[in-house]
Every structure is written in C-alpha cells, then in structure tokens.
Amino acid sequence: MSRKLVAYFSASGVTAGVAKKLADAAGADLYEIRPKVPYTRADLNWNDNSARSTVEMQNRTHPELADKNADISGHDVIFLGFPVWWYVAPTIINTFLESYDFSGKTIILFATSGGSGFGNTAAELRPSAPNANIREGRVFRRSVSGEELKKFAESF
C-alpha cells in the first residue's frame with residue numbers, strides 16, 4: 001500500500017480527472033468521496049437559492065457519505081481534492097474529515113476551480129480534523145498536466 005492517498009469529491013467529473021492524474025503522478029492510492037444521495041444537475045445550480053448545494057453551503061450542513069470504507073491507516077500523506085464552492089470546500093469534505101481519525105497525518109488540500117481560490121478553506125476544515133496537519137496546496141484547472149501534478153506532489 002502506498003503511503004500517499006488521493007481522496008477526492010467530484011460533483012461534475014472535473015476534480016475526478018485531476019485526482020486520477022495526481023494519483024498517477026504521485027504513485028498514490030485513490031479514493032472517491034461520494035455522497036449518500038448523489039448530486040443532480042439541478043442540485044448544483046449555484047444560481048438557484050433553493051438548490052441543494054446552495055442550501056448546504058449556506059446552512060453549513062454536512063451531507064451523509066455513501067460509505068465509510070476509506071482505509072487511511074497506512075497513509076501518512078493525504079491529498080484531499082474538491083471543487084471550490086462559494087470560495088471554500090463543499091461541506092461533504094467536513095463530513096469526510098469527521099468520519100475518520102486523521103491524527104498525525106498530513107492533509108494537503110487541492111481543488112479545481114474556473115477562477116476562484118481557496119478562500120477560507122483550510123481554516124474552515126481544521127476543526128473537522130483537529131489532530132491532522134492540514135496544509136493548503138493548490139487550485140488547478142482541468143487542463144493541468146501530469147508533469148505539473150508530479151512537481152506539486154513532490155513538493156510535500
């Protein structure tokens with residue numbers, strides 16, 4: 001088992017593509033974070049104030065995970081990826097962090113976005129994994145190269 005893990009949540013497939021390239025570049029294991037109730041296109045319409053994603057982000061509700069089968073025990077470094085929603089990580093990332101013991105592990109955040117940065121993400125995630133070392137990584141576009149991801153992974 002690799003000592004590195006790429007865990008990711010992807011609502012539209014963009015983050016999944018980057019996560020898979022990162023896992024290949026880093027020689028890491030891969031785990032998909034999935035909600036118990038999958039998101040529909042309507043759920044992701046950020047222009048709709050009643051859309052599920054909008055409501056979750058406004059109310060800071062944490063959606064339930066489809067499973068809790070990630071084996072993080074053999075991993076020292078976890079690259080944690082997600083799309084940027086309202087300048088932070090989707091609240092399912094908090095659910096994931098609260099579902100496991102990340103004590104002593106280094107969590108490196110990476111995200112996908114068309115233009116926004118991390119905002120307050122690291123600070124908002126730290127209470128969900130208080131005994132982990134959460135570090136802000138980078139925001140990537142879907143077109144990021146494997147070579148760029150390899151350099152990113154090697155920098156930690």
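**Salt bridges and their surroundings**

Author: At 52% relative accessibility, K36 counts as exposed (over 50%; buried is under 20%, partly exposed in between; 1.4 Å probe, protein chains only). The model is predicted, so local features need pLDDT of at least 70 and side-chain atom pairs pLDDT 80 or more, while totals for chains, interfaces and linings use all residues. Residues are numbered from 1 along each chain as its sequence is written, and side-chain values use heavy atoms, with hydrogens and water left out.

Reader: What is a salt bridge, and how many does the count come to?

Author: Side chains of opposite charge can pair when their charged atoms come close. The rule asks for a side-chain nitrogen of Lys or Arg within 4 Å of a carboxyl oxygen of Asp or Glu. Seven salt bridges are counted by this rule.

Reader: With which residue does K36 form a salt bridge?

Author: The partner of K36 is E64, with the closest N and O atoms 3.5 Å apart. K36 lies in the loop between β2 (29-32) and α2, and E64 in the loop between α2 and β3, so the pair ties together parts 28 residues apart in sequence. Helices (H or I, at least four residues) and strands (E, at least two) are DSSP runs, numbered from the N terminus.

Reader: Which residue pairs with D76?

Author: D76 bridges to R3, the closest N and O atoms being 2.5 Å apart. Because D76 sits in the loop between α2 (52-59) and β3 (77-83) and R3 in the segment before β1 (4-8), the pair ties together parts 73 residues apart in sequence. D76 is partly exposed, at 35% relative accessibility.

Reader: Which residues are linked in a network of salt bridges?

Author: D43, R52 and E56 form such a network.
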